[in-house]
Amino acid sequence: MHAWESIQKVVDYIEDNLQENNTPEELSKVAMLSPFYFQRLFTRLVKRPVNEYIKMRRLAKACEVLGDKSRRILDIALDYGFNSHEYFTKTFKSAFSITPDEYRNHPVPLNQVTKPDLLLGYVHIDEDVPLISKGIVLEINRNTLDEPIHFIGFSGHVSITGHVPGGNVTGIDEPGAIWERFHESDIPMLIDWRNIGISCKGDAPEGCFTYFAGTEAAPGADSGGYATRQLPSGNYIVCTFEAEDFEALVTDAIYKAGDYTESWLKKKGLTRGNFMAELYTPCNSSFAIMEMWYPIIEINEEGKI
């Protein structure tokens, strides 16, 4: 068994037993490693000490039920391993800068620490070969876009430190807030609409990037005062991935697929352009599907762009 497989076994065990008070010493037995080596390896692969990881996963699960106002916050805290209302509130506010009560009364999108799939860091597929991991299916291929695709929507600046690396940070989900503005708007959608999220530097100040959320528009259509962007013509690496539902697609799956594709590009020695696009295409599948488009900078035989 590889070392990462031992840690994945523990990660899976933790997820199934979040309400149990398992110590690092007890979890090291699940991994069949010494307590010292287990804790060092867990921190290196999961990017957090094991006790901190368990606390963040408990917090993520508690957030899922805070919207149920028939349940007391204290009961939710106790159900997910927080021994008091005060400790739960302190942990919640440290992670998200708001209290559980504020979140319950005024919900906002939140970044959560997600459960990792360590396999994705050790298996690199060829183009057009699907990879099946826990909860997602992804495939990477090349695509040439002959004509640009036009979009209208909303744009805003997002903190880099609050969103990189995705899936391992907590706080307000700023791109999610931009998507909320888009979904609450009256922007008309085409019959065969495609929505897009674009991350780029744009005019963002230092320490931030520009994020655009919008829907496909006919070329030359009136923007109606909304922000506009386009997916330019050119050569792309496209990572297509599926998840069991849309919520998983735009949280756990997008972080894992994004990290995997960035690693894949490095392994292949490919240089990508200065933006990345998340393309959502409607489908009738029982799975939710997304494409991540990375523009590729072509380098000639002399090593020049």
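In strand S10 (275-280), Phe 275, Ala 277 and Leu 279 point to one side, Met 276, Glu 278 and Tyr 280 point to the other, and all are buried, where buried means under 20% relative accessible area, exposed over 50% and partly exposed in between, with a 1.4 Å probe and protein chains only. S10 is accordingly described as mostly covered, with six of its six residues buried. Helices (H or I, at least four residues) and strands (E, at least two) are DSSP runs numbered from the N terminus.

The model is predicted: local features need pLDDT of at least 70 and side-chain atom pairs count only at pLDDT 80 or more, whereas totals for chains, interfaces and linings use all residues. Residues are numbered from 1 along each chain as its sequence is written, and side-chain values use heavy atoms, with hydrogens and water left out.

Strands of a sheet pair through backbone hydrogen bonds, either parallel or antiparallel. Here, two strands are taken to pair if DSSP finds at least two bridges between them. S10 belongs to an open sheet of nine strands, ordered S2-S3-S9-S11-S10-S6-S7-S4-S8 and paired in the antiparallel sense. Its edges are strand S2 (131-133) and strand S8 (227-231), each of which pairs on one side only. From one strand to the next, the twist averages 30°.

Two pairings place S10 within this order. Six bridges link S6 and S10 in the antiparallel sense, and Ile 198 stands opposite Ala 277 in S10. Four bridges link S10 and S11, again antiparallel, with Met 290 in S11 as the bridge partner of Tyr 280.

Axes are lines fitted to C-alpha atoms, for helices over the stretch in contact, and angles run from 0 to 180 degrees between N-to-C directions. Helix H8 (residues 174-183) lies across strand S4 (149-159), strand S6 (195-200), strand S7 (208-217) and S10, at about 140° to S4. Helix H9 (residues 246-268) lies across S2, S3, strand S9 (234-243), S10 and strand S11 (288-295), at about 30° to S11.

Elsewhere, the axes of helix H2 (residues 24-31) and helix H3 (residues 35-46) come within 9 Å and cross at roughly 85°. H2 is therefore roughly perpendicular to H3, a class that covers 65 to 115 degrees, with angles under 35 counted as roughly parallel, over 145 as roughly antiparallel and the rest as oblique. In this contact, Pro 24, Glu 25, Leu 27, Ser 28 and Ala 31 of H2 meet Pro 35, Phe 38 and Gln 39 of H3.

The loop between H2 and H3 contains Met 32, which has a positive phi of about 60° although it is not a glycine. Met 32 counts as exposed because its relative accessibility is 59%.

Glu 15 lies in helix H1 (residues 3-16) and is buried because its relative accessible area is 16%. Its side chain makes a polar contact with the side chain of Arg 57 (2.5 Å); such a contact is a pair of N or O atoms within 3.5 Å, where within protein one must be able to donate a hydrogen and the other to accept it, and residues adjacent in sequence count only if both atoms are side-chain atoms. Not counting residues up to four places away in sequence, Glu 15 touches Tyr 53, Arg 57, Lys 61 and Lys 115.

Technical notes
Contact = heavy atoms within 4.5 Å.
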